[in-house]
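Open the model in your viewer and switch to a cartoon view. This tour walks through a sheet, one selection at a time.

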Amino acid sequence: LFNGIYPFYLQQRKASVFDVSTIIVIVVFLTFACSFLLIIPGIRGRARLYWTLRVLLSLTVGVVIIAVQFTGDWETGWVTANTSYKSFSRALVNVDIGLHVGLAGVNVTLKGNPVNQVNETINYNEHFAWSFSADYDHSYSEGLERGLPSPILYVAEKFTTQSPCNMHRQYRISSHYASATLWVAFCTWLISNMLFSMPVVVYGGYMLLVTGMFMIFSLLSFSTVRNSLMCPMQFGTAILHTGYGGSFWLTLAIGLLCFVAGITVVTLHYFNLDLLKTFFDLHEDKGEEYQEMTEVYVNSHFVNKGL
C-alpha cells in the first residue's frame, strides 16, 4: 500500500452533482423567461395574464424537450449490498450502487455506508457514453485501466458490445430513436409558436398535438427495452432492479399537457372562437373598424361626367 491506496489505482473520482449541458439549457430558457417578465408590465389589461400564461407554458414545454436529452435518469435503480471493493482485495464494503440510464449513456454510482471505508472515500459517479460520437467499449477499457471499483465495472460490463446480455444494442437503438423523435417534437414546438403568433391559431393547436404525439413516440421507443430479457445484476444476495426515472415521467406529463392544450385550442376554435381570440389577443378594434365618416367631399367635376 502507498498511503493506504494500492499503487496501481488512481485517485478516486468524486461524484458529479450537476450535468453541465442540462444547466446550460435551463439557464438559456430562464433568460428568455426573465426577459419576458421585464416587458410584461407594458401589456395592458387582462392580456397581461394571458400573455404570461402562454409564454411560461410554452417555455416549460421547450425546456423539458431539450433538457431530457441530456439527463441521465430515464431509467434508474438502487441497491444496498455488501460486496468486494476492488480486485486483489478481500475487503468487503457496504455500499449503495445506483444505475442511471439516459439517452446518451449510463451513469453508475457507488457510495459507501459510511462514505469513508477501507481508508478510502467511496463516492463515485462514472459515465459511459454510447452516442454515435462515443465508443462505449473504449470508455469501459479506460475504466479498467484507471482501476475503478469492482461494482462499477461489473455493472458497466453488462452494457458492453461483447456482453452476452445484448443490453448495449437494445438500449442504444431505443435511446437513439427516442432522442430523434424528441428533436422532431422540438421542431414542431417551434412551428406551433410561430403559428400562435399569427391569425391561424387553430393550426398552432394542431402542431401542439403533433408535438405531444412525438413526445409519446419517444417514450414508446425507449420503453421497448423493457420487453426484452434483462440480465440480472446481483451483488451477493442483493439484486439491482431498475424502473422508469424522473425524466421519463416528466416527458410523459409534458406530452399529455401538449395534448390537452392542443385539444383545447382546436375545440375553442370550433365552439367558442371569441374566447380563443381573447386569450390570444387577436380581437380587432371594432371602433376603428366600424368608424363612420362624418364628412364626405365630392368632386362635382367627376359627378357631372358620370364617373
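Strands here are DSSP runs of E at least two residues long, numbered from the N terminus. Two strands pair if DSSP finds at least two bridges between them. Keep in mind that this is a predicted model.

Select residues 92-101, strand β2, and residues 105-117, strand β3. The two run antiparallel, joined by seven bridges. They form a hairpin, with three residues between the strands. Now pick Val101: Val106 in β3 stands opposite.

Zoom in on the turn. Next, show Gln117 and look across to Glu120 in β4, which stands opposite. Then move to Lys111, whose bridge partner in β4 is Asn123.

Zoom out. In what order do the five strands of the open sheet lie? Read across: β4-β3-β2-β1-β7, with antiparallel pairing. Which strands stand at the edges? Select β4 and β7 (243-244). Each has a single partner strand, so one side of each is left without a neighbour in the sheet.

Methods. Residues are numbered from 1 along each chain as its sequence is written. This is a predicted model: local features need pLDDT of at least 70, side-chain atom pairs count only at pLDDT 80 or more; totals for chains, interfaces and linings use all residues. Side-chain values use heavy atoms; hydrogens and water are left out. Helices (H or I, at least four residues) and strands (E, at least two) are DSSP runs, numbered from the N terminus.
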